[in-house]
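Please open the model in a viewer and keep the selection tool at hand.

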Amino acid sequence: PISWCHAGSRQAFVRFPRISMAPGYSHRRKCGQPSGGAVLSVVAIAAGILVAARLALEVVGRLGFLRIGNNAALTLAALSSMSYILVGVVLLKVGPTEKLGRMLIDRVANTKSNWETDALRSFVEVWIWLCVILSTYQASTGGVAGLGAALLLGTLAGCLLAVVGEIFRGALRGFEG
């Protein structure tokens, strides 16, 4: 049986299903509280993202760009993530690009399931996206212009990577498994 949990305020009200495993099954956890397996999955995904970020920093450094600090790299990634989501929302609102906008938003909203089902694709997308952001910022010698260029090219690369990832999803799944 499915019951519904409610989370959020009146302004942002969210409903998500809570599924019982068998008749008479009573779970002791509160609605929305993650299980041990879910926590382990999130930790593994976070580790994958951190490995991709570290690998991106190493590759960009070995390509001859100036070294960038961890705080600057984290700030660039956070700002680029917000830019990526903003572009997804804008594309979602425009009729002809609605499907692309939905795909971009789904990449972020369903991060856990994306990494669980398509780990290789997700890793490669994040790694290339971070390489583009960091190398663009460093190649432009930083500053406001470098930040703008990194956000623009990083967002464009993220969109392109999502489309290419969708095209090659089947082939990558075959390669993984």
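Select Glu-166 to begin: at 29% relative accessibility, this residue counts as partly exposed, a term for values between buried (under 20% relative accessible area) and exposed (over 50%), computed with a 1.4 Å probe on protein chains only. The model is predicted, so local features need pLDDT of at least 70 and side-chain atom pairs count only at pLDDT 80 or more, while totals for chains, interfaces and linings use all residues. Residues are numbered from 1 along each chain as its sequence is written, and side-chain values use heavy atoms, with hydrogens and water left out.

Arg-169 and Glu-166 form a salt bridge, with 2.9 Å between the closest N and O atoms; the term denotes a side-chain nitrogen of Lys or Arg within 4 Å of a carboxyl oxygen of Asp or Glu. Arg-169 is partly exposed, at 25% relative accessibility. Through salt bridges that share partners, Arg-107, Asp-118, Arg-121, Glu-125, Glu-166 and Arg-169 are joined into one network.

Next, select Arg-121 and Asp-118 within this network. Are these two residues, Arg-121 and Asp-118, buried or exposed? Both are buried, and the closest N and O atoms of their salt bridge are 3.5 Å apart.

Now move to helix H4, residues 111-117; helices are DSSP runs (H or I, at least four residues), numbered from the N terminus. Here Lys-112 and Glu-116 lie four residues apart, about one turn of the helix, and their side chains meet in a salt bridge of 2.9 Å, N to O. Glu-116 is partly exposed at 45% relative accessible area, and Lys-112 is partly exposed at 32%. The structure holds 10 salt bridges.

Then select helix H2, residues 70-93. Its 24 residues reach 35 Å from first C-alpha to last, close to the 34 Å expected at 1.5 Å a residue, the expectation being 1.5 Å times one less than the number of residues. Buried residues in H2 include Ala-73, Ala-77, Gly-88 and Leu-91.

Key:
Helices (H or I, at least four residues) and strands (E, at least two) are DSSP runs, numbered from the N terminus.
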